[in-house]
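I'm opening the notebook on this one and jotting down what I look up.

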Amino acid sequence: MATKQPELTVDMMGVRRTSRWFVLQYRAAPYLFVSPFLILFATFGVYPIGKSLMLSFYVTNGPKSAVFVGLENFRFMLSDPDFHTAVWNTAVFAFWSVFLQLPLSLGLALLLNSIWMKGRELLRLAFFSPNLLGQVFVGVLFSVLFIPQYGLVNRFLHFLAGIPLDTKWLANPDLVMPALVLTSLWMYVGFNMIYFLAALQAVDRDLYEAATVDGANAWYQFWAVTLPGIKPVAVFVLVMSTIGSFQLFELPWIMLNNSAGPDQAGLTVVMYLYQTGFVAGDLGYAATVGWSLALGVLMISLFQMRVTGAWKGGAD
Amino acid sequence: MRFPYGSAALSMLVLSVLSGVWLALNPVKKPEATLVMWTFAKTHYDAYKQALPAFEKKHPGVKVDLQLVSWQAVTSRLQAAFLSDLDVPDLVEVEISAAGSFFRGPLKDVGFRDLTDRIKESGLYDRMVQARFAPYTSRGRIFGLPHDVHPVMIAYRRDLFEQLGIDPNTIKTWDDFIRVGRKVTIPGKRYMLELPDSESSRFEPLLYQRGGGLFDPEGNCTMDNEIAVETMLFYVPLVAGPNRIASDLGGGQIFTKAVEDGYFLCMIAPDWRSKTIEVDVPKMKGKMALMPLPAVSPGGRRTSTWGGTMIGITRHCKNPDLAWELALHLYLNKEDLAQRFRDTNILPPLKEAWDHPAYNEPRPYWSNQPLGKMYAELAPHVPFQYTSPFVTTAKGKLSEALVACVQYYRSYGERGFEEFVRKRLKQSADEVRRLMRRNPY
């Protein structure tokens, strides 16, 4: 009795294979390769997202008790003064992050992109290096720099402008936000500068030469050549900085000694979420805050993309 | 046979299969402990490590896995463990300000076991300072055994007091204290007392001293009652305005420098903080001393309380009797407690333990004062400190009210101050009550 021979076929690389084995692996292999990601994403992404959405409709008291309340958490949130404080603080921080940090980053990038600038590599490393440190480390470092009476910031400002040595940056509600913004500037200006620098280096030099021939001065070249050339990166940096600012947590948490600071001056939305969920134990309300944050950030990002033209592909 | 997606993909596949198989064949070994216990204080951890061999010897075959968990992390880790029912310890030490948040929801759903009957039946309720059960009690049920009493005294620079001609024995009331403080305070250079103007950690002991608190025994928010108003009216002028005698710079190295420089003459010092001062400001050995807290009025209470820890047995614990025995072993052994007092300065709540000679030993750092005896004499007068699941929120709201009152006082002084204090405290209390009303249980 003759045994059935496996059917032979030739693949794209000209290798002969048995057809059943080839067909099987041809069909299954892609799923096999994406399955680790899918399993992990479903377990640690989709499930928690779904669970948190469900939780946002419950009032939870500790880990075991949950009562369905429909939209009550959302209604409560809208009249919650602490949530309002958190949103306001976060928005203020985001505003200063965008309107101080990005121009500074761009300025530094322009400086380092100048052909007459000496020691660019060293300066690039110096400006970027704060970002190599974690937020926790930076938080500890600046909480020491900002201490009253003996801190370097106060000593310097006392010498420079005569401000009182016992100025309490982290214990005065009016000074907490400036301290956080300053710290954040130190940490992230260099990071965003790298993006701008890469974008600047990609702008065609011929355009500058043509502009010079046409009689455009440096300022007009910046508006007419540089800015349009770096627009896609600028939009990206703008959106990412805004999202990052709305996720602010570690820096104030460390600098303000695991608290929201005096008069909740350092309370951010993520910090409020953490306090509500893991300190007060109300996971349902924390989920509501989390979903509101996610929707808020999404809307702001879409708005920014629309305003900057990226939504219509204008940033490409 | 060639792999159709290239050698790189094949390498990744082989690597993932091999590592998966290796992990499956070599699972992480869980410590084979009979009881798992978490503590957040390094000093407790070191002391318990020494005490555990005796317990394990007494119970052959029993192994206790003691874990040191950062105090910042212990609350969130425990909440997460309760939620997931994974890696829940059998016993946990919880800091007083976090304890209340674990008592949320119906009693049957509290993550800790109800220890009321065990405590009452064993006579511990009478043998320990009763006030210290209050912070770990919810709706009349006790969920934790107190680790400490934490009576409060005033630590002061004895050498500077002598130089300035201050006799601590003449300071019996806060009025006496303020009178002296106004004489010796030099704004920006020297203050009579270390007190913060931006958070309520030291406001609370002064509130308790007057018999007030954030909550009453039934869990009602009381942070805007008459005692709270009186305390705020007393506290704010100490830290703000032209006659202030108190300031605050922060903890750690700056505190060390401030004490060494004589920036502060006095500090609120519960027993645990006396050890912190010893460790953080070693150069002041022999130059420091302690005195009772000044009374609100002549003959009044000369102490208060600040801080605390409980040990609780979780519902997850499969052997609660053994866990209870371990808790008693760690909290009641007189010799261990005496040694622990020598190491940490923390007075245990077990009254009969205070007879041990360790509590009478003179302490060179504190100008040879018998630290234990002094704290023990005050311990029976420590005020009750009631809690609620909303205690962390209430503390935050009290801090907010304090900051607002300080800002008002700086701007307007005494003009309309009392009315503002009442209004601001009520606003904070109402926010807490609003959250409490949301509670459907």
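Predicted model: local features only at pLDDT ≥ 70, side-chain atom pairs only at ≥ 80, totals over all residues.

By nonpolar core I mean a set of buried Ala, Val, Leu, Ile, Met, Phe, Trp, Tyr and Cys residues joined through side-chain atoms within 4.5 Å.

**Core.** I looked up the largest nonpolar core and got 76 residues, with Phe177(B) and Met192(B) having the most contacts inside it. Helix 16 of chain B (residues 391-412) gives the most to this core, nine residues. At least three residues come from each of domain 3 (152-196 + 243-304) and domain 4 (198-239 + 390-441) of chain B. I also found a second, separate core of 63 residues, which includes Ala47(B), Ala269(B), Leu371(B) and Leu378(B).

**Around Phe177(B).** Leaving aside neighbours within four places in sequence, I listed what Phe177(B) is in contact with; among them are Ile154(B), Met192(B), Leu193(B), Cys266(B) and Pro294(B).

**Cysteines.** Is Cys266(B) buried or exposed? Buried, because its relative accessible area is 0%, under the 20% cut-off. Cys317(B) is buried too, at 3%.

**Chain B against chain A.** I get about 4000 Å² buried between the two chains, 54% of it on carbon and sulfur atoms. On the chain B side, Arg104(B), Arg434(B) and Arg438(B) lose the most area to chain A, together 19% of what that side buries. The contact takes 46 residues from chain B and 46 residues from chain A. How many salt bridges cross the interface? The rule finds five. I also noted a salt bridge between the side chains of Arg244(B) and Asp166(A), 3.9 Å from N to O.

Conventions:
Residues numbered from 1 in each chain as written. Chains lettered and ligands numbered in written order. Heavy atoms only, no water. Buried < 20%, exposed > 50% of the residue type's maximum accessible area, 1.4 Å probe, protein only. Helix = DSSP H or I, 4+ residues; strand = E, 2+ residues; numbered from the N terminus. Domains from an automatic or database assignment. Contact = heavy atoms within 4.5 Å. Buried area = accessible area lost by both parts, 1.4 Å probe. Salt bridge = Lys/Arg side-chain N within 4 Å of Asp/Glu carboxyl O.
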